Every structure is written in C-alpha cells, then in structure tokens.
Amino acid sequence: MAKRAPGYAAKAPDVEVIEATSPEALWAFIRFPLELHAEDPNYVPPILVERREFLDSNRNPFFEHARVAFFLARREGHIIGRLAAGIDERYNRFHKTNTGFIGLFDCIQEVGVAAGLFERAGTWIKGQGAVEMLGPLSMAFHHECGLLVRGFEHPHSMFTAYNPPYYEALFEANHFRKVKDLRSYAFSAQQGFPLKAYQAAQRARQSKGIHIRRVKLEQLDTERDSIKSIYDSMRKPGFGLLPLTQAEFDYAMHRLKPLIVARPELCLMVEAEGEPVAFALSMPDAQVALRPAGGYLSRFGIPWGLLKILWAAHRLKRIRVFLFGIRPGFRRLGLDALLAQETVEVAQKLGYHTGELGWIAEDDTLLGRTVQFLGAKPIKTFRLFSRPV
C-alpha cells in the first residue's frame with residue numbers, strides 16, 4: 001500500500017477501492033452517477049450508451065495518445081464513489097510538463113471515501129511517471145472541464161460539468177489547491193444587442209471583402225476542415241490549450257453533427273475575400289431534453305427514451321455556443337461582434353430566449369472583456385485543482 005503523504009485525509013477503513021477492468025465493472029462505473037444523483041433535481045443523466053462509447057478505447061481517438069484507469073470505491077459491496085486517472089502523452093509533450101489528470105469524479109458526501117479514490121488515482125499516476133494530478137476533467141480540456149463551484153441556480157448546459165455543491169469541500173479536505181477558475185457566460189436574445197457592439201458589427205459587415213454566411217451542410221467535410229484550420233491557428237502553448245488530432249476533431253464533429261443539421265442557421269462562417277477566417281458554432285442546448293430519458297434511449301426494445309427526448313426538444317429555449325474562433329490577423333475587424341450579433345438575431349427569430357458560452361479562464365481578461373462587451377454576463381465558475389503525487 002502506498003504511503004499517505006503527511007496532512008492528507010485518510011481513506012475510510014471500511015472502503016475498498018478497485019480498478020474497473022472488466023466490462024461489468026466499467027458499466028457499473030458509467031451507471032453510478034445515475035444512482036448517486038437520482039434525487040438531485042438539477043442533475044441531467046447522460047445517455048449511457050454515449051458514455052460507454054466515449055470511454056471505449058477502440059472508439060474514442062483520445063485513447064490513441066492517452067492511458068486511463070477507472071476506479072470504484074465500494075463499501076460492503078456497494079459502489080459509493082468513482083474516479084478516473086489518465087496520462088495524456090500529447091498534452092505533456094506539448095506543454096513540456098509531467099502531469100496526470102483526474103476526472104469523472106462522483107462520490108457520496110464523505111471525505112474518507114474521496115480520500116481513498118484520490119490516493120489510488122495518485123498512486124497510479126505516480127506509477128506512470130507523473131509528478132502531479134490535475135482536474136477534474138473528463139480526461140481532456142476539450143471535454144467537460146472543472147468542478148462547478150458557483151452558478152448552481154442555472155440550468156446544466158451541454159458539454160459543461162455538473163456536480164453537487166459538496167464536491168468542492170471533498171477536494172479541499174483532501175488538500176487539493178486551486179489552479180484556475182474557468183467561467184461560462186450567458187446572454188439574452190430577448191434583450192437585443194448592445195449598441196456599441198452593434199455598431200462594431202455593422203462596420204465589419206460593411207467592410208470590403210467581408211461576408212458572413214451559415215455553414216453549408218452540403219459541403220460539411222470542407223467546412224469542417226476550414227473550422228479546424230482556424231481553430232488550430234489559435235492554439236498556441238497556454239493553459240489547457242492543445243491542438244486536436246484530426247481523428248479527435250472528426251470525432252467531436254461527428255458527435256455535434258445531429259445538432260448542426262437540426263439548426264444550421266446557428267452555425268456561422270465569416271469569409272474575407274472568399275477565404276474562411278472566423279466561425280461560431282451554436283446549437284440548441286439539448287441538455288435539459290435528456291432528463292426525461294433517464295439515461296436510456298430505449299427499454300425492452302422500445303425507444304421510449306428517444307421519443308421523450310424528441311418531444312422535450314420541441315420546447316427548448318436555450319442555445320449553447322460551442323465553438324468560436326477568429327484566425328490571427330483578423331481579430332481587430334469586429335468579426336467577433338458580427339458573429340455575436342448574427343447569432344443573437346437568428347436565435348431570437350428561432351424562438352430561443354437565452355444562450356450560454358464558455359469556458360473562459362479567469363485570467364484571460366481580454367477575452368472576458370470582449371464577451372461582456374458583446375452583452376454576455378458571467379454566470380458559472382468551474383474550478384481546477386491540483387495535488388502532488
């Protein structure tokens with residue numbers, strides 16, 4: 001057994017932490033949050049088959065350059081916590097660091113149970129040669145990121161983390177320190193667009209050679225390549241930023257394609273002299289529509305869950321700004337205002353009332369000021385923690 005570092009919380013003596021290596025144990029790992037949060041009105045169960053695919057090393061290209069272990073905490077045979085630990089070789093090479101990640105954390109409100117999970121994950125990460133663990137992440141910065149610490153009164157949005165408020169105390173009691181806060185922002189389509197931002201958008205719209213259009217569904221592969229090119233041009237070494245592999249980007253776009261097809265009007269591209277230089281991908285925030293399904297698309301061969309999702313989708317009133325980017329050299333032309341204004345106006349016409357975008361790091365003051373200039377307000381804070389191993 002690994003020696004516990006001085007000052008760290010102790011694992012509860014009646015708790016057993018095992019690695020989930022069998023298909024049955026991994027399925028229990030995936031299902032546990034549904035049981036833990038069954039009485040939480042703010043929790044939206046993920047679709048379990050999607051989670052199984054996401055954690056399948058043969059289907060998710062993230063595993064081509066990463067190693068992940070899944071741990072379960074048990075008491076008298078009953079699962080009471082879970083945690084994943086991972087090493088992303090591309091991330092460490094890109095950032096010249098030696099970090100392991102933790103994520104997919106769910107636990108009952110007991111420090112000793114969380115301690116057992118963190119201790120086991122830290123031992124595994126140290127055994128892989130890393131010197132610290134950082135998280136929580138759903139294993140990468142382009143997945144769900146951070147621990148929700150403020151903004152519990154707001155709806156859970158797509159591709160953002162959700163957890164009960166007591167999770168923060170579990171991390172702090174186990175001597176994790178804050179690394180950085182990430183913020184998401186909300187805007188109202190009903191309140192219109194700020195005057196100064198509107199004027200900036202109009203100047204951009206009237207600039208010679210500038211043209212804004214929606215993404216072309218009939219040329220989605222070409223559009224995808226343009227989006228990745230712009231996205232990659234922005235990815236310089238910095239906190240959490242890492243260029244996606246082509247396979248990872250294709251996988252992400254594959255997951256988003258049904259939402260793009262559902263509302264292509266919300267997926268925008270800006271061209272300068274015919275060349276794509278900026279984009280904004282917004283989609284109906286389908287997270288709340290998943291709740292009626294309870295994690296299952298079908299039961300006993302009948303697609304009840306899918307039918308419930310489709311029915312709930314008709315009442316969606318929120319959008320999620322998922323990706324946004326401007327190629328370097330075109331960032332002072334008001335293209336951000338142009339994309340934001342067009343997004344707000346289209347959302348309003350389609351009957352959406354509000355939207356959420358983010359995350360933005362707390363120390364990225366330029367981007368934070370920009371989105372607030374465009375009318376957005378911070379509503380949620382997600383916190384990243386670290387601890388030596």
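A salt bridge is a side-chain nitrogen of Lys or Arg within 4 Å of a carboxyl oxygen of Asp or Glu. You're looking at a predicted model, where local features need pLDDT of at least 70 and side-chain atom pairs count only at pLDDT 80 or more, while totals for chains, interfaces and linings use all residues. Residues are numbered from 1 along each chain as its sequence is written, and side-chain values use heavy atoms, leaving out hydrogens and water.

Select arginine 224 and aspartate 250: their side chains form a salt bridge (3.4 Å, N to O). Arginine 224 sits in helix H7 and aspartate 250 in helix H8, so this pair ties together parts 26 residues apart in sequence.

**Stop two: along H8.** Select residues 246-262. Look for a bend of about 50° at leucine 256, with proline 258 following within four residues; the bend is the angle between axes fitted to the seven residues ending there and the seven starting there.

Show arginine 90 and glutamate 248, joined by a salt bridge (3.8 Å, N to O). Arginine 90 is in helix H3 and glutamate 248 in helix H8, 158 residues apart. Are they buried or exposed? Both are buried, meaning under 20% relative accessible area with a 1.4 Å probe, protein chains only.

Finally, zoom out: the whole structure has 27 salt bridges.

How values were computed
Helices (H or I, at least four residues) and strands (E, at least two) are DSSP runs, numbered from the N terminus. The expected span of a helix is 1.5 Å times one less than its number of residues. Buried means under 20% relative accessible area, exposed over 50%, partly exposed in between (1.4 Å probe, protein chains only).
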